[in-house]
Amino acid sequence: MTQEILDRRAAAVIEANKYMALGTVGGDGLPWVTPVYFTPDGHDTFYWASSPNSLHSRNLAERPDVSIAIFDSTVPIGGASAVYFRAQAALVPDDELEASATLFSSRYTELRAYTADQLRDDLRLYRARATEHWILVTGGDPEFGTGRDSRRPVWP
């Protein structure tokens, strides 16, 4: 039961937020973090659109290992909900682009619907597939808190 509660909490964080912080590392070994709006496909696959010339896109072309944090930055200090991921990221392959573009555009009514052709040039569709997942458990959590913030695995 405990794991199920943590898994549900993590799913709720993903569903409630539009942006994720995407961490990449360049060929020079320097880290870079950027916010991107995303569309989830379940709890382990995330899509976003970016220029292939942006630093994070160039970084993941060299090193596909990424880290992701999804959280609500508007909550009061001590009230955070967050999920963390390690993932592998890459461009969505051309043979999957039509279906993936439809999925990506379906989450946001305020976002124009992108066609596959619109995501093949100056704007590309990327996908991260999570390999590890965690949720933040605050120190004061009434069910799982230990007095100190911690990270607990989800979807093991």
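**A walk through the model**

Tutor: Start with a pair of side chains: Thr-45 and Asp-44 make a polar contact of 3.4 Å through their side chains. Keep in mind that this is a predicted model.

Student: Where is Thr-45 found?

Tutor: Thr-45 sits in strand S4.

Student: Is Thr-45 buried or exposed?

Tutor: Buried. Thr-45 has 9% relative accessibility, and the cut-off for buried is under 20%.

Student: Neighbours in sequence aside, what is Thr-45 in contact with?

Tutor: Leaving out residues within four places in sequence, Thr-45 is in contact with Thr-39, Pro-40, Arg-127, Ala-128 and Arg-129.

Student: Where is the kink in H3 centred?

Tutor: On Ser-100. The kink is about 35 degrees. Ser-100 is also one of the buried residues of H3, along with Leu-97, Ala-101, Phe-104 and Ser-105.

Student: What do the buried residues of H3 pack against?

Tutor: Strands. They pack against S2 (31-37), S3 (39-40), S4 (45-50) and S7 (124-137).

Student: Now the rings. How many aromatic pairs does the count come to?

Tutor: Seven aromatic pairs. One of them is Tyr-37 with Phe-104, and that pair is stacked. The centres are 5.9 Å apart, with 20 degrees between the planes.

Student: Which parts does that pair tie together?

Tutor: Tyr-37 lies in strand S2 and Phe-104 in helix H3, so the pair ties together parts 67 residues apart in sequence.

Student: And Phe-104, buried or exposed?

Tutor: Phe-104 is buried, with a relative accessible area of 0%. Tyr-37 counts as partly exposed, at 25% relative accessibility.

Student: What sort of pair do Tyr-37 and Tyr-108 form, stacked or edge-to-face?

Tutor: Edge-to-face. Their centres are 5.8 Å apart, with 90 degrees between the planes. Tyr-108 is in the loop between H3 and S7 and Tyr-37 is in S2, so this pair ties together parts 71 residues apart in sequence. Tyr-108 counts as buried, at 5% relative accessibility.

Student: Which residues do ring pairs link into a cluster?

Tutor: Tyr-19, Tyr-37, Phe-104, Tyr-108 and Tyr-114.

Student: On to helix H1. How many residues does H1 have?

Tutor: H1 has 15 residues. It reaches 21 Å from its first C-alpha to its last, close to the 21 Å expected.

Student: Which residues of H1 are buried?

Tutor: Ile-5, Leu-6, Asp-7, Ala-10, Val-13 and Ile-14.

Student: What covers the buried residues of H1?

Tutor: The cover includes S3, S4, S5 (65-71), S6 (82-91), S7 and S8.

Student: What about Glu-4? Which helix is Glu-4 found in?

Tutor: Glu-4 is found in H1, residues 2-16. Glu-4 counts as partly exposed, at 44% relative accessibility. Its side chain joins that of Arg-8 in a polar contact of 2.8 Å.

Student: How many residues apart along the chain are Glu-4 and Val-154?

Tutor: They are 150 residues apart along the chain, with 8.5 Å between their C-alpha atoms.

Student: What separates the C-alpha atoms of Pro-31 and Thr-74?

Tutor: 25 Å, and the two residues are 43 residues apart along the chain.

Student: Where is Thr-138 found?

Tutor: In the loop between S7 and strand S8 (150-153). Thr-138 is buried, with a relative accessible area of 14%. Beyond residues up to four places away in sequence, Thr-138 touches Gly-78, Ala-80, Gly-145, Arg-148 and Asp-149.

Student: Last one. What feature does UniProt place at residues 7-122?

Tutor: An unreviewed UniProt entry gives "domain: Pyridoxamine 5'-phosphate oxidase N-terminal" there. In this model, residues 7-122 are 27% helix and 34% strand. The end C-alpha atoms of that span lie 37 Å apart.

Note on methods: Residues are numbered from 1 along each chain as its sequence is written. This is a predicted model: local features need pLDDT of at least 70, side-chain atom pairs count only at pLDDT 80 or more; totals for chains, interfaces and linings use all residues. Side-chain values use heavy atoms; hydrogens and water are left out. The bend at a residue is the angle between axes fitted to the seven residues ending there and the seven starting there. Helices (H or I, at least four residues) and strands (E, at least two) are DSSP runs, numbered from the N terminus. Buried means under 20% relative accessible area, exposed over 50%, partly exposed in between (1.4 Å probe, protein chains only). Contact means heavy atoms within 4.5 Å. A polar contact is a pair of N or O atoms within 3.5 Å; within protein, one must be able to donate a hydrogen and the other to accept it, and residues adjacent in sequence count only if both atoms are side-chain atoms. UniProt positions are given in the numbering used here, feature names are shortened, and annotations may be inferred rather than shown by experiment. Rings of Phe, Tyr and Trp (its six-membered ring) pair if their centres lie within 6.5 Å; planes under 30 degrees apart count as stacked, over 60 as edge-to-face and the rest as tilted. The expected span of a helix is 1.5 Å times one less than its number of residues.
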